[in-house]
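Reader: I'd like to learn how to read a fold from its coordinates, one feature at a time. Can you walk me through one?

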Amino acid sequence: MQHLGLGPTEILPQFLVPVLASFRQEFGEPAVLVRSPGRVNLIGEHTDYNQGFVLPAAVDRGIAMATSPRSDHRYVLHSLDLDRRLEGDLRKLAPHTERWPNYLLGVVDQLQKAGKSIGGFDLVYGGDLPMGAGMSSSAALECGLAFALNELYGLGLDRLSLAKLSQAAEHSFVGVKCGIMDQMASLMSRKDHVMMLDCQDLSCRFVPFHSPVKIFVCDTQVERALAGSGYNQRRSQCEAGVALLQKHAPEVHSLRDVSLELLDAHRAELDPVVYRRCLYVVEENLRVIAACDALEREELAVLGGLVNQSHQGLSKAYEVSCPELDVLAEAAAALPGVLGARMMGAGFGGCTINLVEAGAEDAFVQGMAPAFAKIGKPPKIHSCAPHCGTERL
Ligand code: GLA
């Protein structure tokens with residue numbers, strides 16, 4: 001930690017130091033400094049775009065952004081972690097051939113489409129969030145910039161609007177038809193709580209998350225190529241299931257409205273793959289509700305069991321895991337002191353989330369070494385704690 005003298009008592013996180021130093025060197029003193037977190041998700045995967053339930057939390061890892069307005073219509077983007085820089089004209093926005101600027105340009109595009117008047121800006125960012133590892137570095141970027149520009153240009157948008165336009169940015173400029181979990185978690189979370197989010201009406205219930213459980217994330221270091229992968233395909237398969245079920249039950253608008261009984265009654269008419277996808281989503285929604293109850297009652301073994309079941313569903317029925325995720329999740333679940341473990345996020349690579357009893361942390365880290373050896377990767381394990389959403393520093 002280093003005292004940078006921005007506020008009378010402010011101690012800034014270490015990851016902010018290079019961002020601030022680089023911004024000062026290039027552009028002078030920043031007008032706005034923002035911290036935008038990544039997230040974990042305890043349970044409820046691939047349920048958000050099916051109008052279901054999720055149980056995420058922003059974490060104490062994220063992206064720091066420094067920005068100032070410019071007097072012209074240009075943007076300057078500088079990613080410290082990627083060591084990339086891009087300049088352009090705000091009046092000629094289009095998706096870039098490189099992926100990284102699109103999370104940012106997409107947000108500016110959405111603000112413009114919402115009729116918000118944005119002038120030019122300089123931006124430097126960097127952080128301590130593993131990129132593309134399933135901890136929502138994309139949403140941290142989108143929400144961070146949306147939040148920063150809202151502050152910089154006094155746009156008066158609330159956090160919910162910022163979350164929605166960040167999601168729309170990912171759809172239009174990145175090409176991933178993501179749900180809204182990551183953006184809501186990044187913007188809305190509260191310290192030491194997880195957020196039970198109903199993706200149908202976007203209501204949030206905050207559940208205290210106490211110290212008997214520690215969260216560890218294990219990174220397979222298998223890169224996820226979300227847009228080119230099966231993410232959008234899973235979404236279409238769920239929509240195909242809804243279209244068929246709707247013919248019999250007009251009240252069904254999403255898998256959220258589908259019961260196990262209804263699904264079973266029409267199993268024969270559904271393509272077997274579509275049936276498996278739908279069954280997973282309907283069951284996962286039930287698991288989220290049960291997990292949230294278990295957490296509130298501090299029935300930690302029950303919570304862990306549900307997390308393990310979630311992994312099995314994601315791996316076998318939804319088929320978004322990969323061999324490395326399976327090895328890490330199954331090895332973790334078998335270790336003493338581990339309540340539950342599963343793949344986290346979109347899948348196809350990235351991280352597992354592991355709920356570990358307090359006191360078993362060291363044994364967990366040591367116990368995972370053989371599993372990392374088995375997948376041929378050096379151990380990469382991060383501990384994280386539920387933290388507040390995007391904030392101005
Ligand atoms: C990605 C998406 C989210 C969600 C998860 C899977 O993180 O951005 O909207 O669908 O995958 O649960």
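**Reading the model**

Author: Let's start with one serine: leaving out residues up to four places away in sequence, S136 touches G38, R39, L129 and D182. Keep in mind that this is a predicted model.

Reader: Where does S136 lie?

Author: S136 belongs to the loop between β8 (121-127) and α3 (137-152).

Reader: Is S136 buried or exposed?

Author: Buried means under 20% relative accessible area. S136 has 7%, so it counts as buried. Its side chain also has a polar partner: a 3.1 Å polar contact joins S136 and D182.

Reader: How should I read the backbone angles?

Author: Most residues other than glycine have a negative phi. S136 has a positive one, near 70°. Q51 isn't a glycine either, and its phi is positive, about 60°.

Reader: Where is Q51, and how accessible is it?

Author: Q51 sits in the loop between β3 (32-41) and β4. Its relative accessibility is 28%, so Q51 counts as partly exposed.

Reader: Let's move on to sheets. Which strands form the open sheet, and in what order?

Author: For a sheet, read the strand order and then the sense of pairing. Here three strands make an open sheet in the order β4-β9-β10, with antiparallel pairing. β4 and β10 are the edge strands, each pairing on one side only.

Reader: What packs on that sheet?

Author: Helix α5 (residues 181-188) packs on the sheet and touches β4, β9 and β10. The direction of α5 makes about 140° with that of β9. Helix α8 (residues 272-296) also lies across β4, β9 and β10, and runs at about 40° to β10.

Reader: How many bridges hold each pair of strands?

Author: Strand β4 (residues 53-54) is joined to β9 by two bridges, and V54 stands opposite L197 of β9. Between β9 and strand β10 (residues 203-208) there are six bridges, again in the antiparallel sense.

Reader: What about the turn between β9 and β10?

Author: The two strands form a hairpin with four residues between them, and L202 takes a positive phi near 60° there.

Reader: How covered is β9?

Author: Strand β9 (residues 193-198) is mostly covered, with five of its six residues buried.

Reader: Now helix pairs. What should I look at?

Author: Two packed helices are described by the angle between their axes and the distance between the axes. In this model, helix α2 (residues 100-113) and helix α4 (residues 159-174) pack at about 115°, with their axes 8 Å apart. The crossing of α2 and α4 is right-handed.

Reader: Which residues make the contact?

Author: From α2 come N102, Y103, L105, G106, V107, D109, Q110 and L111. From α4 come L165, A168, A169, E170, S172, F173 and V174. Sorted by class, the contact of α2 with α4 has nine nonpolar, four polar and two charged residues.

Reader: Pick a residue from β13, then. What surrounds V356?

Author: V356 lies in strand β13. Residues up to four places away in sequence aside, V356 touches P212, V213, K214, F216, G337, V338, E361 and F364. Its relative accessible area is 0%, so V356 is buried.

Reader: How far is V356 from Y103, in sequence and in space?

Author: V356 and Y103 are 253 residues apart in sequence, and their C-alpha atoms are 33 Å apart in space.

How values were computed:
Residues numbered from 1 in each chain as written. Predicted model: local features only at pLDDT ≥ 70, side-chain atom pairs only at ≥ 80, totals over all residues. Heavy atoms only, no water. Buried < 20%, exposed > 50% of the residue type's maximum accessible area, 1.4 Å probe, protein only. Pairing = 2+ DSSP bridges. Polar contact = N/O pair within 3.5 Å; in protein donor to acceptor, adjacent residues only side chain to side chain. Contact = heavy atoms within 4.5 Å. Axes fitted to C-alpha atoms, helices over the stretch in contact; angles between N-to-C directions. Left-handed = near helix turned anticlockwise from the far one by under 90°. Nonpolar A, V, L, I, M, F, W, Y, C, P; charged D, E, K, R; others polar.
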